[in-house]
Amino acid sequence: MEYISIKGGNRLCGKVSMSGAKNASVAILPAAITCGGVVVIDNLPQIEDVTNLAKALESLGAKCEFTNNNTLVVDATCVSKHALDANMAKSTRASYYFMGALLGRLGRAEVPQPGGCDLGVRPIDYHKRGFTTLGANCTDEHDVVHLSCDGLKGANIYLDSPSVGATINLMIASVFAEGVTMIENAAKEPHVVDTANFLNKMGAKITGAGTATIRIRGVKKLGGGEYTVIPDPIETGTYMIAAAITGGDVTVENVIPKHMESLSSKLREMGCIVEEGGDWIRVQGNENLKACEVKTAYYPGFPTDLQPQMAALLCKANGSSIITENIFEQRYRYASEFKRLGANIKIDGRMAVVKGNCRLKGATVHATDLRAGAALIVAGLAANGETLVGNVCHIDRGYERFEDKLRSLGADISRITKDE
Ligand code: UD1
């Protein structure tokens with residue numbers, strides 16, 4: 001079995017460049033199905049979720065070719081299949097974007113329930129209600145969502161909460177809907193904006209992405225072209241926290257500092273020095289970190305995807321910190337693994353109390369999901385002795401060359417195979 005081994009205690013120092021955003025890439029790849037020409041997508045992170053989605057595109061009839069590690073050429077003009085294989089769907093959460101893409105392009109879609117991280121119940125009722133509002137028939141049969149329509153019609157869609165997945169899925173579907181579609185209470189996350197920019201570059205007419213109201217005027221056809229994915233805010237945040245927890249001095253390059261404001265201000269509040277320029281952020285740690293309160297929220301609030309990594313950092317703060325998880329019901333599954341490293345975390349519903357001044361010590365732990373895996377690695381960087389993180393498949397879904405990048409900053413980290 002594969003493990004990531006971290007011998008903790010090294011201060012991270014130096015510069016590290018960020019990859020393309022996972023959550024933007026995994027939306028843009030399925031969205032490429034709507035394009036009527038060859039699409040060149042650049043700055044894709046080399047991660048399992050991207051590889052799996054490229055395979056899923058091929059399984060539907062698209063031609064895909066990686067011209068280098070981070071550039072995929074997609075020709076979806078010949079897509080004719082509307083049913084996605086169950087294993088493809090299970091490989092990533094983002095497979096749900098094939099619903100909107102296939103429905104818009106072919107007028108029908110059969111997409112099995114998506115996979116992805118187990119963070120408690122993750123319903124897709126807003127997606128399905130939205131497709132129905134656009135005029136599609138939507139039924140669930142044996143865990144497969146069946147969608148069909150005789151041309152979608154623009155409509156007003158109101159989301160009960162600003163779901164990223166539903167916003168993007170409905171935006172993709174309505175690119176060809178006749179007339180105007182309005183998505184109200186839309187998610188404002190950077191990957192919503194990036195997906196809209198991608199579709200617009202190919203000929204869509206979307207305005208308002210990044211605000212609570214997105215307006216899509218339907219077009220007859222999209223073309224092809226080139227697009228570069230934005231840098232990954234969650235990867236960026238993970239390295240910023242890794243710098244802070246090791247008392248290091250790290251400049252994270254190829255980033256959009258504005259996307260990181262909620263984290264940058266929390267790190268400053270805790271006593272770190274955070275400086276930023278056009279496309280970089282420098283984080284200098286502090287021996288005496290202050291405890292704080294963290295509440296996850298939709299963008300521009302503190303991202304739930306950085307909550308586990310932040311919990312690792314709070315173990316090293318002076319005093320007790322409180323985390324409130326407002327997005328997912330069960331995002332503290334990592335707590336029992338943290339405890340093996342000596343952390344003192346008490347969970348009560350959506351709240352976690354993290355006792356600081358903790359002397360973390362190396363142990364064998366297992367990633368319970370993607371970001372929990374990253375958080376265990378971050379904790380391992382600050383622990384005494386060796387930490388072995390298992391279930392690395394979760395981590396490989398979302399971080400490009402994680403060990404290489406951390407090693408370049410001075411971490412003692414490697415991948416090992418161990419007999420059970
Ligand atoms: C996406 C991200 C994930 C991130 C999350 C929140 C991708 C592939 N994944 O996940 O990394 O953690 O946003 O930023 O981009 N909800 C419903 N019904 C729905 C849809 C959502 O009740 O139809 C609820 C969910 O249960 C959850 C909340 O809305 O409580 C947020 O979900 P959503 O923003 O849709 O997250 P995901 O698309 O699952």
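## Strands S4 and S5

In this predicted model, strand S4 (residues 63-68) runs antiparallel to S5, and five bridges link the pair. Strands here are DSSP runs of E with at least two residues, helices are runs of H or I with at least four, and both are numbered from the N terminus; two strands pair if DSSP finds at least two bridges between them. A hairpin of two residues connects S4 with S5, and Phe66 has Leu72 in S5 as its bridge partner.

S5 (residues 71-75) also meets another strand. Strand S3 (residues 38-42) is antiparallel to S5, with four bridges between them, and Val39 sits opposite Val74. Four of the five residues in S5 are buried (under 20% relative accessible area, 1.4 Å probe, protein chains only).

## Around the ligand

Now to the ligand. It has 22 residues around it, and Tyr96, Asp125, Ser163, Asp305 and Ile327 come nearest (a residue is near if one of its heavy atoms lies within 4 Å). The shell holds 10 nonpolar, seven polar and five charged residues. Helices H1 (22-31), H5 (125-133) and H6 (164-173) each supply at least two of the shell residues, and H5 gives the most, with three.

Ligand oxygen atoms lie 2.5 Å from a polar side-chain atom of Tyr96 and 2.5 Å from a backbone N or O atom of Ile327. The protein buries 89% of the 730 Å² that the ligand exposes when taken alone (Shrake-Rupley method, 1.4 Å probe).

## About the model

Residues are numbered from 1 along each chain as its sequence is written, and side-chain values use heavy atoms, leaving out hydrogens and water. Local features need pLDDT of at least 70 and side-chain atom pairs count only at pLDDT 80 or more, while totals for chains, interfaces and linings use all residues.

Definitions and conventions:
A polar contact is a pair of N or O atoms within 3.5 Å; within protein, one must be able to donate a hydrogen and the other to accept it, and residues adjacent in sequence count only if both atoms are side-chain atoms. Ala, Val, Leu, Ile, Met, Phe, Trp, Tyr, Cys and Pro count as nonpolar, Asp, Glu, Lys and Arg as charged, and the others, Gly among them, as polar. Buried means under 20% relative accessible area, exposed over 50%, partly exposed in between (1.4 Å probe, protein chains only).
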